[in-house]
Amino acid sequence: MQDCRLVADTIACRRGDRILFRGLSLAVRGGEIVHLAGPNGIGKSSLIRILAGLLRPYAGSVERSGSLALSDERLALDGHLPLDRALGFWRGIDGTHGQQPDFGLANLLDVPVRYLSTGQRKRAALARVAASEASIWLLDEPLNGLDTHWSCMAQLAIDAHRKAGGAVILASHQSLSIDHVTTVKLLDYSA
Amino acid sequence: MIRRLWPIFVRDLTLLTRGAQGRGGAVLPLLFFLAVAMLFPFAVGPDARLLARTGAGVIWVAALLAAILPLDRLVEPDVEAGFFDQWALRGLSEEALLLSRIVAHWISFGLPLMIAAPISAGLLSLDAAQLRTVEIGLLLGTPGLAAIGVTIAALTAGLRAGSALGGLLAIPLTVPLLIFGAGSLQPDGEGGLALLAACSLVALAVAPFAGGAAIRAGRE
């Protein structure tokens with residue numbers, strides 16, 4: 001896996017009139033996992049979007065080398081297409097064909113995406129992230145809606161990505177059961 | 001860039017022509033366009049001279065309204081589903097994406113309108129020369145309509161009353177196309193075609209950048 005790095009330098013985030021957090025710095029390199037923790041509304045999702053470059057930070061800067069993959073509450077899969085073709089659309093754009101973890105979706109590949117359950121949609125999003133073969137994974141609440149078994153499997157996949165030299169930043173209010181995780185508590189930076 | 005844009009263009013085209021996910025496809029604007037031409041003679045009476053004099057203008061009004069019809073489905077669903085975020089993550093510029101969408105939108109409504117125009121012309125008893133001018137006018141004008149449509153769709157994506165607002169915004173912006181398009185059918189009005197083409201080119205040149213800026217601003 002290519003060398004990757006994502007560094008945020010003293011960033012602040014403002015939504016509307018409110019400063020959600022300020023002075024937050026974090027760095028993640030290949031082989032590292034950062035867990036953004038904190039209660040609802042503290043700015044985890046906004047931080048993920050800032051790190052993804054989709055939202056401009058109110059202050060500070062984000063530097064990145066390496067390709068990004070994002071999974072948030074927006075699935076970005078065509079609802080009317082069978083799962084296989086919906087995922088295939090992104091494989092076509094990314095030009096990837098490798099065998100990636102399928103998160104137990106093998107027998108759902110011919111089911112239209114709109115018929116998938118909450119947990120299955122979350123797994124489809126993770127499969128899309130894994131299939132992109134990007135080195136940096138940004139995951140916003142990746143374990144929401146997953147049952148105990150798949151929550152465990154998803155964490156194993158995240159850990160496998162770390163072991164393969166990838167970097168992961170994940171926002172979750174749940175605690176993780178994998179090792180080598182650096183936790184960043186957003187509450188410490190809230191304004 | 002082109003290699004990665006191609007699957008996106010194919011998807012745009014399939015969604016806009018065949019319709020899915022709440023998009024009506026190319027059939028609805030086409031039926032609308034034909035319905036106007038069909039109903040107009042019922043409303044004003046079968047006087048062939050009157051129809052021939054007003055028919056071309058009616059064709060242009062119908063084309064304009066048919067272009068407004070699919071506005072709320074052009075960009076909004078893909079912003080909502082996170083497609084534009086994912087494309088941005090992959091370094092694809094919004095401008096290129098919207099240009100692809102303008103082309104796809106034009107193929108899905110401009111081309112069908114041009115194919116349907118002879119039928120409309122028959123219903124409105126236009127002669128061959130007028131039909132020729134209408135077809136040339138549509139060829140020159142509908143790309144501009146597509147460009148304005150995609151810009152407005154990008155601007156109103158994510159707004160609650162987006163579709164109503166979109167129609168309202170489109171009307172003043174498309175008036176120049178209507179004036180020159182219908183004007184070119186007046187006696188000695190062929191000069192209108194050049195002005196129509198000019199309006200179309202301006203709209204095409206501005207649209208990807210205006211729409212791209214709108215989508216980026218919508219993320220804030």
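The model is predicted, with local features requiring pLDDT of at least 70 and side-chain atom pairs pLDDT 80 or more, while totals for chains, interfaces and linings use all residues. Residues are numbered from 1 along each chain as its sequence is written, chains are lettered from A in the order in which they are written, and side-chain values use heavy atoms, without hydrogens and water.

The lining consists of L64(B), A67(B), I68(B), L71(B), L145(B), I148(B), G149(B), A170(B) and T174(B). At least two lining residues come from each of α3 (48-68), α7 (128-156) and α8 (162-183) of chain B, helices being DSSP runs (H or I, at least four residues) numbered from the N terminus. The space in this second largest cavity is about 40 Å³. Three cavities of 30 Å³ or more are found in the whole structure; a cavity is a set of points on a 1 Å grid where a 1.4 Å probe fits but cannot get out, and lining residues have an atom within 4 Å of a point.

The largest nonpolar core has 97 residues, of which L77(A), L83(A), V75(B) and W87(B) touch the most other members. Such a core joins buried Ala, Val, Leu, Ile, Met, Phe, Trp, Tyr and Cys residues through side-chain atoms within 4.5 Å, buried meaning under 20% relative accessible area (1.4 Å probe, protein chains only). Helix α6 (residues 94-123) of chain B gives this core its largest share, twelve residues. A second, separate core of 30 residues includes L6(A), I48(A), L68(A) and L70(A).

Eight aromatic pairs occur over all chains. Rings of Phe, Tyr and Trp (its six-membered ring) pair if their centres lie within 6.5 Å; planes under 30 degrees apart are stacked, over 60 edge-to-face and the rest tilted. Two pairs share F83(B):

| Pair | Centre to centre | Between planes | Class |
|---|---|---|---|
| F89(A) and F83(B) | 6.1 Å | 65° | edge-to-face |
| F83(B) and W87(B) | 5.6 Å | 45° | tilted |

F89(A) lies in helix α2 (residues 83-94) of chain A and F83(B) in helix α5 (residues 83-89) of chain B, so their pair joins two chains. Both F89(A) and F83(B) are buried, as is W87(B). F83(B) and W87(B) lie four residues apart in helix α5 of chain B, about one turn of the helix. One aromatic cluster is formed by F89(A), W90(A), F83(B), F84(B) and W87(B).

Conventions
1 Å grid on protein atoms, 1.4 Å probe; cavity = no way out; pocket = protein on both sides within 12 Å on 5 of 7 lines; lining within 4 Å. Points joined across faces, edges and corners; volume = space filled by probe spheres on them. Buried < 20%, exposed > 50% of the residue type's maximum accessible area, 1.4 Å probe, protein only.
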